[in-house]
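Subject: Structure handover

Hello,

Here is the structure for your files. My notes follow below it.

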Amino acid sequence: MDIKEYFARISYQGSYNKPDLATMSDIFQHHIRAIPYENLSIHCGERIELDLEPIYNKIVRKKRGGWCMENNYLLSWVLKTLGYDVTLLGAKVYVPERDAYPDEFNHLLLRVELDGKSYIMDAGFGMAYQMWQPMELISGTDQPQTPGVFRFQEENGIWYFEKVKRKQWVLNPSTSTSPNVENEVCRRVYLFTLQPRDIEEFRGCNDHLQTAPNSKFVLKSMCSLQTADGIRELVGWKLTEIKYNYRDNMDHVEIRMLAEEELEKTLREKFSLPLDKKFVPVDNKLF
């Protein structure tokens, strides 16, 4: 594995001699704009591995993306290679359909200690809840970013990650003749503790999420990529493109359903995602 090969993959040409916040933030932003968050391996008949070299080969050499455990494990290797103090953490992702959190952690994120402060790095959440910059680990303070306002809330050693979404101007010609506006809303994203984790603790989770019949990753094929001003995401056959803060503190959202013959071209052109095997999109109701 070669750090320069990784930098070429994310088109990063900046300095990396000094492990500071500016360098970490710049690498992070290049990562999320170059490497999709995706679970397409499950829907191409491939197994998602949790060892570093297979992840590196998949994402860096084959130019694929990955889900949280792949993206953030790779990013932890990058940051450690550059001299950062990195710890793996486990999180439980909020399930809005149940208004609850799962019993076991099902998400991997990173804690970085730098200049006496702690930062949370998460390059593997994807969709519209993806942070764009490392977030300082402080409770109750709004941290505005381009996608919206993020914040942490700490209660009795449990940290809650939230996002306040802007109002959305939704264009959907297939279901309405005029745009509709969805109101601004605060959404819980996940909770976590600061207990350090080892990658071995995620193996059961990695296996379960790609095989369990009720796993959302089995029930839905997902791919998302952050752009310079927003995000693109493909769930099943539904392509959503968002421009953040399009006007009047409002996001512009455009949705359309793709035909079967458009899928491969869309993945290639909008997500820079080549697939070796036949992709079978899926979008079933979760619960």
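**The buried pair and other salt bridges**

E46 and R64 are both buried, where buried means under 20% relative accessible area, exposed over 50% and partly exposed in between (1.4 Å probe, protein chains only). This is a predicted model: local features need pLDDT of at least 70, side-chain atom pairs count only at pLDDT 80 or more, and totals for chains, interfaces and linings use all residues. Residues are numbered from 1 along each chain as its sequence is written, and side-chain values use heavy atoms, with hydrogens and water left out.

E46 and R64 form a salt bridge, with their closest N and O atoms 3.1 Å apart. E46 sits in the loop between β1 (37–38) and α3 (52–61), and R64 in the loop between α3 and α4 (68–81), so the pair ties together parts 18 residues apart in sequence. A salt bridge here is a side-chain nitrogen of Lys or Arg within 4 Å of a carboxyl oxygen of Asp or Glu. Helices (H or I, at least four residues) and strands (E, at least two) are DSSP runs, numbered from the N terminus.

The structure holds 19 salt bridges. One of them joins E162 to R151, with the closest N and O atoms 2.8 Å apart. This pair links distant parts of the chain: E162 is in β8 (158–165) and R151 in β7 (148–155), eleven residues apart. E162 is buried at 13% relative accessible area. R151 is buried too, at 17%. Shared partners also join E38, E46 and R64 into one salt-bridge network. Another bridge runs from E113 to R111, again with 2.8 Å between the closest N and O atoms. E113 is partly exposed, at 30% relative accessible area.

**A buried Glu without a bridge**

E233 lies in β13 (230–235). E233 is buried but has no salt bridge. The nearest side chain of opposite charge is K238, 6.5 Å away. For charge, Lys and Arg count as positive and Asp and Glu as negative; His and the chain ends are not counted. Beyond its neighbours within four places in sequence, E233 contacts (heavy atoms within 4.5 Å) residues including M127, C223, K238 and F271.

**Helices**

In α7 (263–271), the buried residues are L263, T266, L267 and F271. They fall within an arc of 100° seen down the axis, so they line one face of the helix. That arc is taken over the directions from the helix axis to the C-beta atoms. E264 and E269 are exposed on the face turned away from the buried side. Cover for the buried residues of α7 includes β12 (222–226), β13 and β14 (238–247). Just after α7, S272 has a positive phi of about 50°.

In α3, the buried residues are L52, I55, Y56, K58, I59 and V60. They pack against α1 (3–9) and α4. K63 follows α3 and has a positive phi, near 60°.

**The sheet**

An open sheet of eight strands runs β5-β4-β3-β2-β11-β8-β7-β6, with antiparallel pairing. β5 (135–136) and β6 (143–145) are at the edges with a single partner strand each, so one side of each has no neighbour in the sheet. Strands pair if DSSP finds at least two bridges between them. β7 and β8 pair over seven bridges, in the antiparallel sense. F150 has K163 in β8 as its bridge partner.

Helix α2 (21–34) lies across β3 (107–114) and β4 (117–121), at about 5° to β4. α4 packs on the sheet as well, touching β2 (85–93), β3 and β4, and its direction makes about 20° with that of β3. Axes are lines fitted to C-alpha atoms, for helices over the stretch in contact, and angles run from 0 to 180 degrees between N-to-C directions.

Best wishes
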